[in-house]
Amino acid sequence: MSDKLRKKLFYAATLANFIMITIYEFLTPNMSDDVIYADAVAEAGNFFDLFAQEYEHYMFHTGRNVAHIILRIFLYIGNKGVFNIAAGIVFTLLSLCIYNCVDNKKNYDLRIYIGILILMWLFDPAISNNVLWETGACNYLFTATIMFLYLTLFRSAYLKDRATTPLFAIGMFLLGLLAGWCNENSSGGVIFFVLLLLFLKWYREKSFKGFKAWMISGLLGNIIGFMIMILSPGNSARAAAADEAHTGLLAMAARFLRVTLTLKDNYLVLMLVFIVLFIAIAYRAGKSGITEGAGPMLLFGLAFLVTSYALIAVPDSQLRTYYCASLFLMTGIVNGFGWVVNKGFKEDVVQIMATSLITVFSVLFLFTYIEEGANLARIKREFDEREAYYKEMVARDEMVIEAPMLRPDWESRYSMAYESDICEDKFNWLNVSYAQHYGLWYIIGVDRESWTGY
């Protein structure tokens, strides 16, 4: 394939990725925390009041201010279409950041990039929470992109041994500050990755003379942002309110088991692929070449483990908190894949298998995308019908109403609508939140099949 054709196909794949994720964003309604934060943002008298609200959030809830100010800004704009397009751009940018973290690739390497997209679309077990749900996307997709943008720039400058300029050092500090102020375990993983790179540089040179000012400013920004986040008074309040069955060392063992089982249940396939690629590189590269061949994938693999097991520090965690850790693992995998297909194994059979694997998964993804997209459209229609019904009941001064729950046939891994649906209990926090948002007293969920209201 000529470089010109490969370039065109690469750009086409990038554009297709943007269009496809943006369509899914438009098919995802606001739900759960979206309406809660929207009501809070509606109380802001002007744009700058959002920062006053975020300060209060810092003092009484959590220190993840970068994520939440992004969310507040989108909700303040009040047009979800703006968020949908922005999320599509950010998801695409994240895929390109991962692509740029792959060392052994050709110019406009289509196999590598499509491999990244397959991993991001098919092997993220919480994509409905991390990417498509507005609150979740601001907390995880947007912050992960900030962190990967920082790591991509840091690692690229590190490998090129870039000289320091005042502007670049300041830029790395500011971007490092944001990257350290995103999510507790993910930002901690970023700091670990940077420290590991600096340690390797010292180990090779046995001196600190090779350290550049931008390296130190970037790390300093990371640490400052991370400390601001974890020192939030709201974090202390939440930790004090957490309920655990065990204490002391037994609690730590229980948390370790929880993280381990989460990795087994949700990321085992990716971990096994990582291991297979590492073994292949070890056999072909030998002792002398293992560092060069498997070094990058091992760095990202370690970052995956550290970012995941950092969640031992908290009593409980949800699957979406593993998002950045999973991206580290995916980046390690594509690094290994890149070495195997572009450097280590030139045999035709390996090239045929690699290209066939990417092609087969691409076909599977297209079928999945169409099928799940239809489910998202159905769910969106149900949400829109129900929202119109809420507004109609308010106009009629009906304050206690029954409303249909979602049909169970359309549940999709690309939508958290069923996790965020109303239920029969009018006092359930989701029912209460939706009722308050639409100006109702109570909403009682009923079976959709027996519903005849519309």
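1. Buried means under 20% relative accessible area, exposed over 50%, and partly exposed in between, with a 1.4 Å probe and protein chains only. By that scale Arg 155 is buried, at 5%, and Asp 103 is partly exposed, at 33%.

2. The model is predicted: local features need pLDDT of at least 70, side-chain atom pairs count only at pLDDT 80 or more, and totals for chains, interfaces and linings use all residues. Residues are numbered from 1 along each chain as its sequence is written, and side-chain values use heavy atoms, with hydrogens and water left out.

3. The structure holds 18 salt bridges, each a side-chain nitrogen of Lys or Arg within 4 Å of a carboxyl oxygen of Asp or Glu. One of them joins Arg 155 to Asp 103, with the closest N and O atoms 2.8 Å apart. This pair links distant parts of the chain, 52 residues apart: Arg 155 lies in helix α8 (residues 134–160), Asp 103 in the loop between α5 (80–100) and α6 (110–122). Helices here are DSSP runs (H or I, at least four residues), numbered from the N terminus.

4. Lys 201 is buried, at 5% relative accessibility. Its side chain meets that of Asp 161 in a salt bridge of 3.6 Å, N to O. Asp 161 sits in the loop between α8 and α9 (166–180) and Lys 201 in helix α10 (residues 184–205), 40 residues apart. Asp 161 is partly exposed, at 40%.

5. Lys 201 also forms a salt bridge with Glu 205, at 3.2 Å between the closest N and O atoms. Both residues lie in helix α10, 4 residues apart, about one turn of the helix. Glu 205 is partly exposed, with a relative accessible area of 40%.

6. A network of salt bridges links Glu 382, Glu 385, Arg 407, Arg 448 and Glu 449.

Terms used. Helices (H or I, at least four residues) and strands (E, at least two) are DSSP runs, numbered from the N terminus.
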